[in-house]
Amino acid sequence: MKNVCFLMARKLVFVLVTAFVLSMIVFFMLRVIPADSLGMMLPPSATEADAQALRVELGMDGSALHQYQVWLSGVFRGNLGNSIFFHQPVTGLLAQALPPTLELVGVSLLMALLISIPGGIVLYLLDKKKIEFVADFVLVLLLSVPSFLWGIILIVVFGVLFPVLPFMGRMEGTPVVDGGTGFLLLDLLLRGQWQAWWDAFSHLLLPALALALAFSPIVIRVLRSSLIETATSQYVNVARLRGVPEWRVLLGHMLKNAALPTLTLIGVQFGFLFGGTLLIEVIFSFPGIGNLMVQAIKNHDLPLIQGVALVFCLMVLVVNFCVDGLYSVMNPRLRSA
């Protein structure tokens, strides 16, 4: 257990250092982009004196390093500046946009697991069978389809040809849940508004499925490889010699140990899953942080771009930190050290 605590402490230091380095990279790269964000905040009749006064007010009159120090000090105070396009605090915009994205990612991750675990087991059972090449072909085909293409396919099939699910927005109309957490599914569930809850959930299904279908194939492949490797382990052979049914060997022994490398992969791939929301939210008009990033880029809104990029980086780092902790707890060699 001491070994686990030491590893997690070291990982936490790594997360903090990485977040600091990434914030520097994002900040200084945005300063290289030839975008006149200051000009977008000034009226056409503004003079050079007005521009200089605004530059001083925003802390943009100094060097790039000084600007970064001003911005970083604001980050520690919870102040990420004001959006140039929306004329609102960046923290407020992020607080509105982050919960929908987290809901979308959470549901898509759950769907991916529901697809990947049975899929990995089925492909393991088909190992060295005559139809194994068919399963491998289907898996490679699924691997080659990106999430945004899945989104378009799902809209055409289930939104246009067979209109059984909604595919625009977060729910019909504007969701109004005063004093809630921002997580619409949770807020509606706690208030017992079942019809509105189903409306919000049905709006999540297609974008979440698009992300899950793009995320699942790589998890299926790793889970199958882990099961094949685990099948030759000594404890598995002992269980079989004791007469334990094959299905209990698979589900009770092999799957538990094969889950460790799969869990690591999910942590590593979470960044791609979270980043995939950017295009998916645009395609499905979903009001999340990915859609907010697209609007910020389109309008050269540097404070908002910095805030969204920082949140993206922190979310990926935090999830990887949690996955590492879970792996350390599940790994008996580390747990007993």
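**Helices and one buried glutamate**

The UniProt annotation "transmembrane region", from an unreviewed entry, covers residues 12-33, 104-126, 138-162, 200-220, 258-284 and 304-327. Those positions use the numbering here, with feature names shortened, and annotations may be inferred rather than shown by experiment.

Now the ground rules. This is a predicted model: local features need pLDDT of at least 70, side-chain atom pairs count only at pLDDT 80 or more, and totals for chains, interfaces and linings use all residues. Residues are numbered from 1 along each chain as its sequence is written, and side-chain values use heavy atoms, without hydrogens and water.

Two of the annotated spans. Residues 104-126 are 96% helix and 0% strand, with end C-alpha atoms 32 Å apart. Residues 138-162 are 84% helix and 0% strand, and their ends lie 24 Å apart, C-alpha to C-alpha. Helices here are DSSP runs (H or I, at least four residues), and strands are too (E, at least two), numbered from the N terminus.

Next, glutamate 103. It sits in helix α5, residues 90-125. Is glutamate 103 buried or exposed? Buried, because its relative accessibility is 9%. The cut-offs: buried is under 20% relative accessible area, exposed over 50%, partly exposed in between, with a 1.4 Å probe and protein chains only.

What does glutamate 103 contact, leaving aside neighbours within four places in sequence? Arg170, Phe183, Leu184, Leu185, Leu186 and Leu204. Contact means heavy atoms within 4.5 Å. At leucine 184, the backbone nitrogen lies 2.7 Å from a polar atom of the glutamate 103 side chain.

Conventions. A polar contact is a pair of N or O atoms within 3.5 Å; within protein, one must be able to donate a hydrogen and the other to accept it, and residues adjacent in sequence count only if both atoms are side-chain atoms.
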